[in-house]
Structures are given as structure tokens and as C-alpha cells.
Amino acid sequence: VSYGKTYQAFADNVKRMSGGRLVIEVIYDGEGVPAAEVLSAVRSGLIEVANPFQALHAGEFPAGVVELGLPDGPRDFLEIRAMFREGGWLAAIRKAYASIGVYYLSEAPQPGTYLMTKKPIKSLNDLKEMQIRCPGAYGMKLANVGASPVTMALSEVYSSLASGLLDGVDGCNLVDHDEVKSYEMAKFLYPLPVANAQILGLVCNLEAFNQLPDDLKAIVEAAAEMYGNDQANKSVVWEREALMRMKSQGMQYSPEPSAADKKK
């Protein structure tokens with residue numbers, strides 16, 4: 001998985017900055033903890049650090065849906081980071097996570113999400129009765145224009161599109177679409193994003209974090225902020241590369257939305 005490269009870089013930075021005193025073993029989706037159970041695994045201490053997709057945990061932790069980024073929020077990574085680092089958002093998010101026994105290490109910006117469907121969307125009316133993988137607030141947005149949102153892990157999307165269970169997929173950016181090959185089953189990309197830039201936060205079991213000495217706490221937080229920078233920088237490059245690859249493999253755009261659909 002593309003973003004997995006940033007996970008290992010985070011672990012490497014922690015080891016390097018701590019002089020080998022703290023070593024983080026990196027595991028990926030499907031290697032022990034399913035995506036929909038990541039947050040609960042951190043809360044229980046089964047795993048100490050994770051990068052959960054908050055939309056999959058909406059019922060368990062509603063505040064995470066807001067942290068992820070509501071539709072029509074900032075488009076620019078720097079605006080989101082300024083909210084966290086200059087606008088008091090980081091302290092608010094940390095307080096929310098602490099209420100469930102989790103420490104919020106750092107925000108990690110990613111690009112906005114786009115809808116891909118099996119049939120072209122000529123108007124928003126075409127979304128009515130479509131089954132779309134689109135969890136969290138993104139799904140609520142599509143439900144407001146008639147679609148039927150479905151919550152599922154990204155790893156289940158391809159087979160669900162192939163079987164006919166889904167008519168389309170959102171709740172993921174272009175890098176994700178390229179990674180899971182959404183375009184092979186749903187080749188039409190809607191030109192407007194369903195949501196703008198989003199945040200996938202790096203979190204830690206609160207008890208495990210509190211057991212660290214102060215210098216290691218500072219190292220983990222600094223490495224986490226570097227992790228956020230790494231994801232933001234790579235996202236800019238990877239998003240453009242993903243779009244070019246998908247186009248070369250037959251991806252097409254749905255027609256340009258009408259003025260009425262844009263307003264809606």
C-alpha cells in the first residue's frame with residue numbers, strides 16, 4: 001500500500017531519534033487487525049500506535065468523523081495544519097481522544113476524496129438508488145442527493161464492485177483508487193470531489209504513551225509530526241501519478257456537472 005511507506009518512515013524516525021531505545025514494529029491492514037477494528041485495538045492496548053480511518057469508527061467515536069474532515073472543508077493542506085497548530089484544533093482533538101483512552105499524536109493530511117462509478121453520472125439524479133461505498137460524513141453527503149451509502153473497508157471494495165454489491169466507491173482519494181484498482185470495475189470519475197483535503201490522525205494508546213519518559217514522548221510526537229509532513233508531501237506527488245496511471249488504464253470522467261448540480 002502506498003501510504004505504508006510513510007508508516008515505516010515514522011517507525012524508522014522513532015528508532016533513529018531515540019538511539020534505538022524505542023522500536024516500533026509496523027504491521028499492515030489484514031496482518032492481524034481488520035481496518036474496522038483498529039481504533040478499538042488501540043483503546044484496548046492490543047496495538048500501541050495506529051493510523052485509523054475514522055469514518056469506519058463513526059459509531060464508536062463520532063468526533064473522529066469531524067476530525068477526518070467534513071465535506072466542503074479546506075482544500076489546502078496548510079489550512080488544515082494551521083487549524084491544528086495555530087487554531088486550537090489539536091488540543092480539542094486530543095481532549096476528545098483522551099475520553100476514550102487514546103492519545104492523539106499528530107494530524108496527517110491527505111488529498112480530497114472522489115467518486116468513481118460503473119456508469120457515468122450525467123446528473124445527480126443518476127445517484128438515486130445507487131449503492132456507494134462511502135462511510136462517515138461523506139456518505140451522509142451522498143445520501144442527501146439520493147445515493148445509498150455503504151460502510152466497508154477499502155480492501156473489500158474491489159470484490160464488492162465485481163459482484164454487483166456496489167455501484168460505486170468514494171471515501172478514498174485518487175491514490176487509494178489507483179491502489180485498489182477501482183477503475184477496473186468503476187471507471188467513471190466524477191469531476192468534483194465529494195470532500196476536500198482530509199486528515200488521518202496518528203494515535204497511541206494513552207496508558208502506553210503515559211508510561212514513556214518525557215524525552216521519548218517528545219520524540220514520538222516529533223516523529224508523528226514528521227509523518228504528517230511526509231504524507232502531505234507525498235500525497236501531492238502520488239495523487240498526480242495515480243491520475244495519470246488510471247487514465248492510461250481506461251479511466252474516464254463523468255460529464256461536467258451542470259450549474260444546478262454544482263450548486264446542489
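**Cysteines, a helix and some rings**

Modeller: The sulfur of cysteine 134 has its closest cysteine sulfur in cysteine 172, 8.6 Å away, which is too far for a bond. A disulfide is a pair of cysteine sulfur atoms within 2.5 Å, and searching the whole structure turns up 0 disulfides. This is a predicted model, where local features need pLDDT of at least 70 and side-chain atom pairs count only at pLDDT 80 or more, while totals for chains, interfaces and linings use all residues. Residues are numbered from 1 along each chain as its sequence is written, and side-chain values use heavy atoms, leaving out hydrogens and water.

Biologist: Is cysteine 134 buried or exposed?

Modeller: Buried means under 20% relative accessible area, exposed over 50%, partly exposed in between (1.4 Å probe, protein chains only). Cysteine 134 sits at 2%, so it counts as buried; cysteine 172, at 1%, is buried too.

Biologist: And which residues of α1 are buried?

Modeller: An α-helix has 3.6 residues a turn, so residues three or four places apart point the same way. In α1, Gly4, Thr6, Phe10, Ala11, Asn13 and Val14 are buried. Helices are DSSP runs of H or I, at least four residues, and strands are runs of E, at least two, numbered from the N terminus.

Biologist: How do phenylalanine 10 and tyrosine 227 pair up?

Modeller: Rings of Phe, Tyr and Trp (its six-membered ring) pair if their centres lie within 6.5 Å; planes under 30 degrees apart are stacked, over 60 edge-to-face, the rest tilted. The structure holds 8 such pairs. With centres 5.9 Å apart and planes at 65°, phenylalanine 10 and tyrosine 227 are edge-to-face.
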